[in-house]
Amino acid sequence: MVMVMRTIANKVGTIQVEGNAFYFLQPLSTFKTDQMDQIQQAYEKRMATLTEQPFYLTAKDLTFQSGQVQFEYDLTGFKAFDHLKSLYFEDKLPYYLSLVRMAKDSSVTVLWQKENFVIDPEEQLVKAAIIENEELILQNPKSREDAVKELIIISLTSLNRVLGRPRRNDFFEQSEDVIRFAETIFLRLKTLDEMESYLLGIQEEVNERKRLEAEELAQQEADKGRFSFSLGNLVKGRKEALAKTTPQLTLAKSEGKQPKKSVAAKDSNKRFLLGTAGILAAAVLLNIFLTNANENAQATDAGKTEVSEEISLEEVYRQGLLGDDMAVIEALEAIGQDSLKEKDKEVLATLYMENGDYTKAIEADPELTSEVAAKLMEEDKVDELQALEASLKETSPEVAFELAAASEDWQTVIDLRNQVELTEERIPTIVSAFIQTGDLQTAKAFVNEKAPENEEVLDRLLEVEKQQNELEALKTEKAEKQKLIDTDTDEKKIKAAKERIKEIDQQITELEKGIEVIKGVELCTPNESIDWAEL
């Protein structure tokens with residue numbers, strides 16, 4: 001299975017990485033023209049001016065799909081930007097230099113977003129995919145200097161966003177040199193020229209130290225070679241002398257070797273192991289029901305066996321094997337919870353669960369509360385869930401969570417997210433709660449931490465975020481057009497603005513409906529999928 005990564009890009013666009021394929025999709029409405037041939041010509045013209053530059057990837061194809069322009073790139077031979085996190089500090093320096101030099105070229109505007117950059121291990125360069133051209137305007141909320149600083153800090157730490165000064169514990173390498181380097185880059189250096197000069201100085205120091213270490217190692221190897229030669233002659237002489245006095249040594253070693261086993265012997269061993277495994281499997285299955293009965297029936301004291309006079313469960317467990325659960329339950333209940341051994345308590349709690357007596361199951365084993373609550377929610381038995389909550393001696397976060405989800409009390413779901421077991425079913429419910437309350441950033445952080453493999457959940461979050469961003473952009477454009485209508489005197493411009501407002505109103509209506517549909521979709525578990533094209 002190929003892992004798919006998606007994220008919002010350029011405010012209302014999308015970056016999608018699938019294996020070695022990198023896709024950038026941007027709504028056609030955000031380009032300066034709606035003519036695909038002009039968009040393609042503008043891109044080709046821009047890339048033609050950068051053929052001598054090593055920092056930029058060229059798209060292999062441009063296509064129009066479902067109202068969006070899709071740029072497709074081939075990432076064969078490259079690695080994601082996060083690959084830098086796995087490198088040692090000194091090995092990251094060439095990549096930092098390429099970042100700074102890319103940023104220094106003011107004639108080129110790239111999308112300063114982590115997902116837009118890839119690592120070229122062969123050339124030791126950072127390369128960018130999405131580049132501005134005449135028809136495509138890029139939205140970069142941060143300056144080039146701040147963007148470079150953030151990318152460097154991200155590569156040195158476990159962080160994915162830099163919201164302030166990182167802590168020492170955030171760094172992969174916590175040596176004084178690395179911490180001092182990060183502080184200098186992040187806090188002291190103000191310009192790209194200063195960063196480049198500082199990086200070149202660090203790189204020169206590293207290269208000089210490596211050169212000296214290589215010379216020292218070569219000298220040690222040379223000295224070791226001379227010493228080994230002299231020692232080898234001495235050892236050889238001692239061996240020859242020893243061989244003359246103990247000629248039987250070689251023969252003794254030879255006779256001591258173990259003969260290889262025949263094929264027949266190996267087959268015999270296999271048959272023996274398979275037979276043993278079958279016996280053990282049968283024994284384990286029977287032991288589940290008979291071990292506890294035997295323990296209740298027998299007791300050993302100083303090597304003497306005494307037969308218990310109390311009730312024997314052997315026959316009862318045999319009846320359980322035949323499907324008579326109630327006989328086992330009644331027998332164990334007759335003994336009483338306090339008198340049962342731990343294994344018998346586990347059997348009783350399991351039988352309560354299987355027979356739907358959830359209150360007794362929780363009394364027998366309080367750790368089953370979470371499982372019971374999830375099961376009742378899955379079966380849509382809200383009344384029983386409420387009755388269960390009323391019957392519990394203490395408040396259960398798991399039961400409260402499921403009841404809150406059933407009644408769509410989203411804030412309570414969010415408040416209880418750290419107090420319940422995060423099952424595959426509960427994680428989508430928590431994300432739904434975040435979406436309904438509009439807290440998409442916290443939702444994304446939650447998914448990245450707790451369920452990074454759940455692509456469907458992340459896709460839904462990104463789709464909501466993307467459509468909300470596009471909605472805001474349309475509302476802003478509408479306000480600008482309305483201002484033109486109210487203040488301008490050019491009838492031609494006013495007419496065009498009014499026509500555009502009609503188009504915007506229609507797009508806003510469609511987007512709002514789409515957002516409501518996505519919000520209302522029941523989030524899927526990792527084993528299910530959502531077809532966004534059908535929404």
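**Exercise 1.** How many of the six residues of strand β2 (residues 13-18) are buried?

*Solution.* The model is a predicted one. Step 1: a residue is buried when its relative accessible area is under 20%. Step 2: in β2, five of the six residues are buried, so the strand is largely enclosed by the rest of the structure.

**Exercise 2.** Describe how β2 pairs with strands β1 and β3.

*Solution.* Step 1: take strand β1 (residues 4-9), which pairs with β2 in the antiparallel sense over six bridges. Met5 stands opposite Val17 of β2. Step 2: look at the link between these strands. The hairpin of β1 and β2 has three residues between the strands, and Asn10 takes a positive phi near 50 degrees there. Step 3: turn to strand β3 (residues 21-27). β2 and β3 are also antiparallel, with five bridges, and Gln16 has Tyr23 in β3 as its bridge partner. Step 4: the hairpin of β2 and β3 has two residues between the strands, and Gly19 in its turn has a positive phi of about 65 degrees.

**Exercise 3.** Do the corresponding analysis for Tyr43 and Phe71.

*Solution.* Step 1: the ring centres of Tyr43 and Phe71 are 5.4 Å apart with planes at 70 degrees, so this pair is edge-to-face. Step 2: Tyr43 lies in helix α1 (residues 36-48) and Phe71 in strand β5, 28 residues apart, and the pair links distant parts of the chain. Step 3: Tyr43 counts as buried at 5% relative accessibility, and Phe71 counts as buried at 2%.

**Exercise 4.** Is Ala479 buried, partly exposed or exposed?

*Solution.* Step 1: locate Ala479 in helix α18 (residues 455-487). Step 3: Ala479 has 48% relative accessibility, so it counts as partly exposed. Step 4: from Ala479 to Ile501 the C-alpha to C-alpha distance is 9.0 Å, with 22 residues of separation in sequence.

Note on methods. Residues numbered from 1 in each chain as written. Predicted model: local features only at pLDDT ≥ 70, side-chain atom pairs only at ≥ 80, totals over all residues. Heavy atoms only, no water. Buried < 20%, exposed > 50% of the residue type's maximum accessible area, 1.4 Å probe, protein only. Helix = DSSP H or I, 4+ residues; strand = E, 2+ residues; numbered from the N terminus. Pairing = 2+ DSSP bridges. Phe/Tyr/Trp six-rings, centres within 6.5 Å; stacked < 30°, edge-to-face > 60°.
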